[in-house]
Amino acid sequence: MDENERAILQTWQINAEAWTHALQQEKIASRKLVTNQAIVEAVLSYHPEHALDLGCGEGWLARRLSERGVAVTGIDAIPDLIEKARGLGGGTFEVCSYQTLAGGQWQAGRRFDAVICNFSLLGHDSVEGLIRSVPKLLTAQGRIFVQTLHPFTACGDLPYVEGWRAGSWKGFGPEFLQPAPWYFRTLAAWVKLFSESGLHLAACLEPLHPQTQRPASIIFVCQTQYHGQHLEHSRL
Ligand SMILES: C[S@@+](CC[C@H](N)C(=O)[O-])C[C@H]1O[C@@H](n2cnc3c(N)ncnc32)[C@H](O)[C@@H]1O
């Protein structure tokens with residue numbers, strides 16, 4: 001495994017406790033104000049019965065969706081986060097890395113009508129392998145929902161070019177340690193990744209932060225190629 005990918009897993013292991021605490025105390029303003037509701041509404045607008053939450057963390061999204069009748073399976077590489085998720089309930093949670101899933105060693109043959117990645121696509125090879133595996137995890141009418149930092153805001157003052165960026169826990173508090181690098185993708189790079197993985201971009205949402213009126217995130221909604229390839233603005 002590449003050094004950056006290893007650093008990503010290490011940072012989540014180290015910060016599992018701090019992360020769980022931050023979410024339970026609703027310390028991340030953009031999540032509380034905008035992005036949590038945005039992903040929940042986007043997923044529920046398609047009325048899924050079975051959802052797979054990739055990189056589920058401590059499982060808040062599974063809990064929110066299960067309250068609305070969705071059966072959720074969550075996977076994450078970090079055993080401490082999965083243990084928290086199991087304790088809090090709302091789904092079935094398993095320790096599994098994207099690398100393991102992409103290697104075909106997880107739940108072969110199971111399919112979901114929603115696959116969700118909520119701020120959980122951080123690396124390069126791990127993410128490419130994972131996204132390439134998604135068509136095999138989706139039902140014929142299923143969709144993948146990827147919420148991530150909006151490339152225009154996440155780019156900051158650096159050139160708008162994909163590549164590894166230094167990580168930072170700025171704004172998260174002193175209890176967060178050892179930030180890991182993350183892989184910045186432009187809008188075009190995300191679309192290329194989906195298309196080269198056999199996925200068709202069906203809709204794209206840009207939830208606005210109510211105070212700044214800037215996009216707090218971007219949500220890509222994709223389905224496997226050749227199923228009604230039109231933009232779905234009207235549904236959302
Ligand atoms: C920013 S957190 C988001 C957690 C959750 N989706 C949420 O919305 O709160 C990123 C998550 O991705 C997981 N993750 C990152 N790389 C991973 C990998 N290679 N395999 C499995 N999980 C990974 C981390 O363990 C962490 O829980």
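Predicted model: local features only at pLDDT ≥ 70, side-chain atom pairs only at ≥ 80, totals over all residues.
Cys117 is buried, with a relative accessible area of 0%.

A cysteine raises the matter of disulfides. A disulfide is counted when two cysteine sulfur atoms lie within 2.5 Å of each other. By this rule the model has zero disulfides. Cys117 takes part in none, and the cysteine sulfur nearest to its own belongs to Cys222, 10.0 Å away. What is the distance from the sulfur of Cys155 to the closest cysteine sulfur? That distance is 17 Å, the partner being Cys204, so the two sulfur atoms are too far apart for a bond. Cys155 also counts as buried, at 6% relative accessibility, because the limit for this class is under 20%.

Around the ligand stand 21 residues, and the closest are Arg31, Gly55, Asp76, Tyr98 and Asn118. A polar atom in the side chain of Asn118 lies 2.9 Å from an oxygen atom of the ligand. Trp60 also has a polar side-chain atom at 3.0 Å from a ligand oxygen. On the nitrogen side, an N or O atom in the side chain of Gln99 is 3.1 Å from a nitrogen atom of the ligand. How much of the ligand's area does the protein bury? Taken alone, the ligand exposes 580 Å², and the protein buries 97% of that.

Which elements give two or more residues to the shell around the ligand? They are α1 (3–14), α2 (16–24) and α6 (98–102). The largest share comes from α1, with three residues. Sorted by class, the shell holds 13 nonpolar, six polar and two charged residues.

His47 has a positive phi of about 50°, although it is not a glycine. His47 sits in the loop between α3 (29–44) and β1 (50–54). Is His47 buried or exposed? Its relative accessible area is 65%, and it counts as exposed because that class begins over 50%.

Gln178 is another residue other than glycine with a positive phi, in this case near 45°. The loop that holds Gln178 runs between β6 (163–165) and β7 (182–184). With a relative accessible area of 45%, Gln178 is partly exposed, because this class covers values between the limits for buried and exposed.

Technical notes
Residues numbered from 1 in each chain as written. Heavy atoms only, no water. Near = heavy atom within 4 Å. Polar contact = N/O pair within 3.5 Å; in protein donor to acceptor, adjacent residues only side chain to side chain. Areas by Shrake-Rupley, 256 points an atom, 1.4 Å probe, with all protein chains shown as cover. Helix = DSSP H or I, 4+ residues; strand = E, 2+ residues; numbered from the N terminus. Nonpolar A, V, L, I, M, F, W, Y, C, P; charged D, E, K, R; others polar. Buried < 20%, exposed > 50% of the residue type's maximum accessible area, 1.4 Å probe, protein only.
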